[in-house]
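Please find below some notes on the structure, written for someone who has not looked at it before. The points can be read with the model open alongside.

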Amino acid sequence: MDSIKRIDIHSHITAFPEYAPDCKWQGRFCSAEEMIEIYDKLNIEKGVILPISAAEGQMTPMTSESAKFAADKYPDRFLWFCNIDPRALSNGDKTDLSPLFKHYKKLGAKGVGEVTCQLYFDDPRVDNMLSYAEEFEMPVLFHLHTKFGGSYGLVDEAGLPRLEKMLKKHPRLNFIGHSQVFWAEISNDCPENERGGAPKGKVTEGRISKLLREYPNLWCDISAGSGWNALSRDPEFAEKFLNEFADRILYGCDVCATLNTHQYLMDEFLRKMYADGMLKPDVWRKIARENAISLLKINLE
Ligand SMILES: [Zn+2]
């Protein structure tokens with residue numbers, strides 16, 4: 001293990017493991033203590049706990065309050081985001097969401113997410129929520145899906161035109177992209193039926209690179225099987241991609257259950273790139289921690 005301490009941009013924890021429902025194939029959400037064990041194995045200094053408030057595709061929602069409660073127990077190891085559903089309060093496109101943003105920001109939330117609700121990315125209610133996130137200077141981390149039903153996440157078509165519309169409309173808001181549908185766009189030849197999966201093979205530069213060049217407010221979360229698949233399917237392209245966009249790539253795990261192991265694959269992959277000289281120390285430091293420190297404006301070296 002190298003000595004660069006990582007920051008995990010994408011973590012899910014329950015403050016109440018004794019009450020959390022279990023799922024046979026992947027266990028339940030980790031407790032803070034279980035996550036710290038994983039963090040110690042991976043040299044992760046701190047993680048960002050992301051509540052999931054939408055019901056779609058989840059065993060149980062995780063509240064912002066639970067995220068804060070778990071983070072406060074170990075302030076040296078965790079930060080937290082709040083989750084403000086675009087349908088909160090009155091399910092309207094002109095709802096004043098500022099009381100919620102003000103409240104959670106005052107409590108210490110560093111951003112908003114993971115956004116997992118099933119609405120179009122440019123639905124007027126999502127647009128409204130993003131306006132408040134922009135005003136309150138809180139980055140938004142989102143999950144995408146190809147369609148309504150069958151999974152969770154904001155819906156967008158191939159090429160992510162609705163995301164682009166929002167990137168353009170909210171230039172002061174930092175968007176953090178994540179999930180299979182986001183990462184499928186690393187290559188420009190993804191067949192429609194593989195957008196929600198793990199497309200393989202050599203990458204020909206896709207929409208993500210173009211969006212990153214055009215919109216300085218787009219960031220990438222490389223957590224989960226989706227981030228790992230996108231980079232490991234073509235290490236040569238990954239080298240180019242990670243070096244070109246070194247200032248806006250964020251290390252992450254997305255451990256959402258006790259039996260997950262995907263977090264070790266990504267770390268191993270990046271460690272190998274670093275050992276092979278494909279990632280220089282300054283680039284690896286940015287990805288592993290410095291980008292998160294600057295995006296979230298936290299007080300770490
Ligand atoms: Zn997640």
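**Notes on the predicted model**

1. E114 is found in strand β4 (residues 112–115), where strands are DSSP runs of E with at least two residues, helices are runs of H or I with at least four, and both are numbered from the N terminus. The peptide bond that leads from G113 into E114 is cis, with omega near 5 degrees.

2. On the source: this is a predicted model, in which local features need pLDDT of at least 70 and side-chain atom pairs count only at pLDDT 80 or more, while totals for chains, interfaces and linings use all residues. Residues are numbered from 1 along each chain as its sequence is written, and side-chain values use heavy atoms, with hydrogens and water left out.

3. Which residues of helix α1 are buried? In α1 (residues 32–41) they are A32, M35, I36, I38 and Y39; buried means under 20% relative accessible area, exposed over 50% and partly exposed in between, with a 1.4 Å probe and protein chains only. An α-helix has 3.6 residues a turn, so residues three or four places apart point the same way. E37, D40 and K41 are exposed on the other side of α1.

4. The cover over the buried residues of α1 includes β1 (6–11), β2 (44–49), β3 (78–80) and α10 (262–275), with contact meaning heavy atoms within 4.5 Å. Just after α1, N43 takes a positive phi of about 55 degrees.

5. I13 lies in the loop between β1 and α1 and is buried, with a relative accessible area of 1%. Neighbours within four places in sequence aside, I13 is in contact with C30, S31, A32, M35, I49, M62, S66, A70 and F78.

6. Helix α2 (residues 64–73) has S64, S66, A67, K68, A70 and A71 buried. The buried residues of α2 pack against β2, β3 and α3 (98–107).

7. Two packed helices are described by the angle between their axes and the distance between the axes. Helix α7 (residues 207–214) packs with helix α9 (residues 235–244) at an angle of about 15 degrees, their axes 11 Å apart. Axes are lines fitted to C-alpha atoms, for helices over the stretch in contact, and angles run from 0 to 180 degrees between N-to-C directions. That angle makes α7 roughly parallel to α9; angles under 35 degrees count as roughly parallel, over 145 as roughly antiparallel, 65 to 115 as roughly perpendicular and the rest as oblique. I208, S209, L212 and R213 of α7 make the contact with F237, F241 and E244 of α9. By class, this contact of α7 with α9 has four nonpolar, one polar and two charged residues; Ala, Val, Leu, Ile, Met, Phe, Trp, Tyr, Cys and Pro count as nonpolar, Asp, Glu, Lys and Arg as charged, and the others, Gly among them, as polar.

8. How do α9 and α10 meet, and at what angle do their axes cross? The axes come within 12 Å and cross at roughly 80 degrees, and α9 and α10 are therefore roughly perpendicular to each other. P235, A238, E239 and L242 in α9 meet F269, L270 and M273 in α10. The residues of the contact of α9 with α10 are six nonpolar, no polar and one charged.

9. The axes of helix α5 (residues 161–169) and α7 come within 11 Å and cross at roughly 10 degrees. That makes α5 roughly parallel to α7. L163, E164 and L167 in α5 meet R207, L211 and E214 in α7, and the residues of this contact divide into three nonpolar, no polar and three charged.

10. V203 sits in the loop between α6 (180–184) and α7 and is buried, at a relative accessible area of 10%. Apart from neighbours within four places in sequence, V203 is in contact with I186, S187, R233, D234 and F237. V203 and D234 are 31 residues apart along the chain, and their C-alpha atoms are separated by 6.2 Å.

11. L160 is not a glycine, yet has a positive phi of about 55 degrees. L160 is in the loop between β6 (154–155) and α5 and counts as buried at 0% relative accessibility. K297, also not a glycine, has a positive phi of about 50 degrees. K297 is found in the segment after α11 (281–296) and counts as exposed at 61% relative accessibility.
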